[in-house]
Amino acid sequence: MLQTPLRFKLKPSAVLRWLSLAFVLSCAYAVWHVAAPRLGLSYALCAVLAVVLTLSYLAYRADVEQPVQLEISAQSITLWPRTAPPIDYSHISNIAHWSGLMLSITLRANDGRRRTLLILADALPAHMLRELVVRCRQLARKCNR
């Protein structure tokens, strides 16, 4: 049975930011490699710039939408985004934990909204990540009965 509600403060993940940067740069290189011989340098440079700006904006939006805090209780998980009021999710659809490195939780609110929350190991201390995994599994079992 779940005990009292636990609140976790999430740090921004430096690993996720570096991986996003590597993804943007590899996509820019791929566009350059394909477009430069076919379109010429000026059009290829425009294509690379468009890809870099678009992917950078999407990475920024994903970073801003990450919650700064979450609370897990016996009935729900509440997320506190940076820019919006707290959102209460009452159902865990899926949970995946990869050897202490990453936790992925698919949440569903009462109104049907879904959200996948990705928490990397550098966002929480190791003991808190383990506690969060245990409590999420308990809540998922309760939700799926």
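This note covers a helix pair and a pocket in a predicted model.

1. Residues are numbered from 1 along each chain, side-chain values use heavy atoms, and hydrogens and water are left out. Local features need pLDDT of at least 70, side-chain atom pairs count only at pLDDT 80 or more, and totals for chains, interfaces and linings use all residues.

2. The axes of helix α1 (residues 14-39) and helix α2 (residues 41-65) come within 8 Å and cross at roughly 160 degrees. Axes are lines fitted to C-alpha atoms over the stretch in contact, with angles from 0 to 180 degrees between N-to-C directions. Helices are DSSP runs (H or I, at least four residues), and strands are E runs of at least two, numbered from the N terminus.

3. α1 and α2 are therefore roughly antiparallel, a term for angles over 145 degrees.

4. Residues in the contact (heavy atoms within 4.5 Å) include Phe 23 and Trp 32 of α1 and Tyr 43 and Leu 55 of α2.

5. The largest pocket holds about 340 Å³ of space. A pocket is an open set of points on a 1 Å grid where a 1.4 Å probe fits, with protein on both sides within 12 Å along at least five of seven lines; lining residues have an atom within 4 Å of a point. Of its 19 lining residues, Ser 13, Leu 16, Ala 62, Asp 63 and Gln 66 are closest to the centre.

6. α2 gives the largest share of this lining, five residues.

Notes:
Angles under 35 degrees count as roughly parallel, over 145 as roughly antiparallel, 65 to 115 as roughly perpendicular and the rest as oblique. Grid points are joined across faces, edges and corners, and a volume is the space filled by probe spheres set on the points.
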